[in-house]
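Visitor: I am new to this protein. Please show me how to read it, one feature at a time.

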Amino acid sequence: MADGAIISEQIEDDEVQEILKTGTDLRQYSAQIEKEFKEVENRSIDDYIKESQNIANLHNQIGNTSNILERMESMLMDLQDALNNISTEITSLQKKSVSMSVQLTNRQSIRAQISQFVEDMAVPEEMVASIMDSPVTEKEFMAHLNELNHKLQLMKELNFKESKSSQDVSDVLQKLKIKAMSKLRLYLMEQIYKFRKPMANYQIPQNAMLKYKFFFEFILSNERAVAQEICNEYVDTMGKIYYSYFKSYSTRLAALKFEEAVSKDDLMGLDDSAPKSIFSKTSSLKNKSTVFSIGDRGDVLNQQLEAPIIVPHAQQKFRYAYEALFRSEQYALVDNACREYLFVTEFFILRGPQAQELFNQIMGKTTTLSIKNLETYVQDCYDTIALFLCIQLCLRYQLMCHKRCVPALDKYWDNLQAAIWPRFEIVFRMNIQSIQDCDPTKFPKETGPHYITRRYAEFSAAIVGISENFPNELVSHLLLELQEEVKCFMLRMAAIFTTRKEQLIYLINNYDLVLGVLMERTRDNSKEAEAFRELLSTRSAEYVEEILAPHLGGIIQFVKDCEQMRDKEQTEELKRQERRSLQLVANFSANWKKSLEDLNREVFLSFPSLVTGSQLLQLALAQLVQYYHKFYKLLTPNARAQLVNIHVIMIEIKKYKSNY
């Protein structure tokens, strides 16, 4: 509109400007325009008159259309109202549907609970008949007993809540409970009484009781007094059975022990001249020296640890060392005690301290008897190896019990060890003292291994070998004390010989014996083996110097003197040694073969061990060659020309090389 007005005004302005330019009269021009408007108006009126009928028809059509639209509007409004009503009804129906669904769910839940409650409260005739008439070992009885137990537990809960519904069946359930308790008590008591029959295998009734362990659980949950009665009866019965069995077994085992035991006269440092036997004729240990060797006695810790127990009446002709009898008794105790502990925890539904207490009530008298028997033996025992083997057996059987998940015997093993350890230390120190009290002058002057040395070697190897798996600080300390005392004894014994060579032969023979036994019976890197290996090496080197001195003494001294002069740069003094060296060369060239023969004969006559003798000879020959090389380097060219060629000497030395 604004744009059209602007254009119209612009046209009029243009026309006005055009009129002004042509000089036309405005009044005339206005009248002309007025006239043109009148003509246009008249023509328009004529056109309206001509179209009046059509306009009237159009007016009628518009009126009709308006009426139709009004009716349609009315219909749409009615439809809208109807739709609103439908939506309201749908919403209402949805709410009713949700409400009905919740009600249905609640009713179903209540129905399930009520049905379960009614089922739990009801007492079927089948259950009554089974509890009253069926044997307790029948599957039907077991199933109905479980059901009865459930109903009784439910009844306890309802009575606690003061529910009136429980009164309807309470009387019936109580009567059924009394009947079931009576039958179960009778059955369990019968099984317990079976243990009391002579020669009865009590594992059979125990297995039967475990098969129906729910019986005790039922009694325990419904009548603790009856459960306690059954438990007390079982404890009393089994306690007496185990005590009687082990008392008899221990007595019969004691009859199989060696008739002659190790006594206080059988200490390591005491005289070995007496020919009496420590053990009976059936013993494989036939003299005092074997008191200190382990032999096959250590098998009780390995192959025989879980071997079948000794049956006294079947092995009356045999005799055993104490540790073998101890092993058999303890292994029997381990088997029975572990089985008993596992039975107690499973059948009587006990754990921790309660299980331990009940187990102690059953096995207490038996374990006390075993400890007293051990204490009686230990009081007069002088067999250190037997004591130590018994300690090791305790440790291994305790570990075995732990592997079987039975900690109930821990205190028992501790008590056994507490009885053995003090005596073990006392006897061990008595042996140490016996060596300390030895008088070397009372022994014959022999350069071979001393019997006390052999005893020590066997004994030390035995103790070290036994304790490898379970090292102990006290044992290590005692072994060290014994070792030091034995080394001192060897030095005291060596002092009775007049020559240094005899002293060294004695020491080497004894060191070699100890080292050989230790290497054979224990680990190569044991402290004891290392100590004697070092001593043997030192004394061997000193012995080699001693036996070379008669044959190479001049050469050895010449080498030492000349090396000292060379170190001090005494050149003139070295040159003046030529005459001395020529005499030594002449003497060596004349006697070296005989010296080798003499060395060989002397070494092998001095050492009973061919291996030791061979090693010492090779060591001496190697030292001889070493001195020979040093001597050769110190000689003048003239003296060297007269000296025997080293290759000739080496060929001769090879003849003395042995295969030991």
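Visitor: Is T366 buried or exposed?

Guide: Buried means under 20% relative accessible area, exposed means over 50%, and partly exposed lies in between (1.4 Å probe, protein chains only). T366 has a relative accessible area of 2%, so T366 is buried. This is a predicted model, where local features need pLDDT of at least 70, side-chain atom pairs count only at pLDDT 80 or more, and totals for chains, interfaces and linings use all residues. Residues are numbered from 1 along each chain as its sequence is written, and side-chain values use heavy atoms, with hydrogens and water left out.

Visitor: Where is T366 found?

Guide: Helices (H or I, at least four residues) and strands (E, at least two) are DSSP runs, numbered from the N terminus. T366 sits in helix α11, residues 352-379. The protein has 22 helices and 0 strands.

Visitor: Which residues is T366 in contact with, leaving aside its neighbours within four places in sequence?

Guide: Contact means heavy atoms within 4.5 Å. With those neighbours set aside, T366 touches G239, Y242, Y243, F246 and L333. A polar atom of the T366 side chain lies 3.2 Å from the backbone nitrogen of Y243.

Visitor: What about N509: buried or exposed?

Guide: N509 counts as buried, because its relative accessibility is 5%. Its helix is α16, residues 500-521. Beyond neighbours within four places in sequence, N509 is in contact with T447, G448, P449, S606, F607 and P608.

Visitor: How are N509 and S606 placed?

Guide: They are 97 residues apart along the chain, yet their C-alpha atoms are separated by 8.8 Å. The N509 side chain reaches the backbone oxygen of S606 at 3.3 Å.

Visitor: Which residues touch the most other members of the largest nonpolar core?

Guide: A nonpolar core is a set of buried Ala, Val, Leu, Ile, Met, Phe, Trp, Tyr and Cys residues joined through side-chain atoms within 4.5 Å. In soluble globular proteins, nonpolar side chains tend to be buried together. Here the largest core has 174 residues, and F215 and F348 touch the most other members. Helix α10, residues 322-347, gives the largest share of this core, 14 residues. Leaving aside neighbours within four places in sequence, the contacts of F215 include V136, F141 and M142.

Visitor: How much of the protein is buried?

Guide: Buried residues make up 41% of its 660 residues.

Visitor: And L79, where is its place?

Guide: L79 is in helix α3, residues 52-121. L79 is partly exposed, because its relative accessible area is 48%.

Note on methods
Polar contact = N/O pair within 3.5 Å; in protein donor to acceptor, adjacent residues only side chain to side chain.
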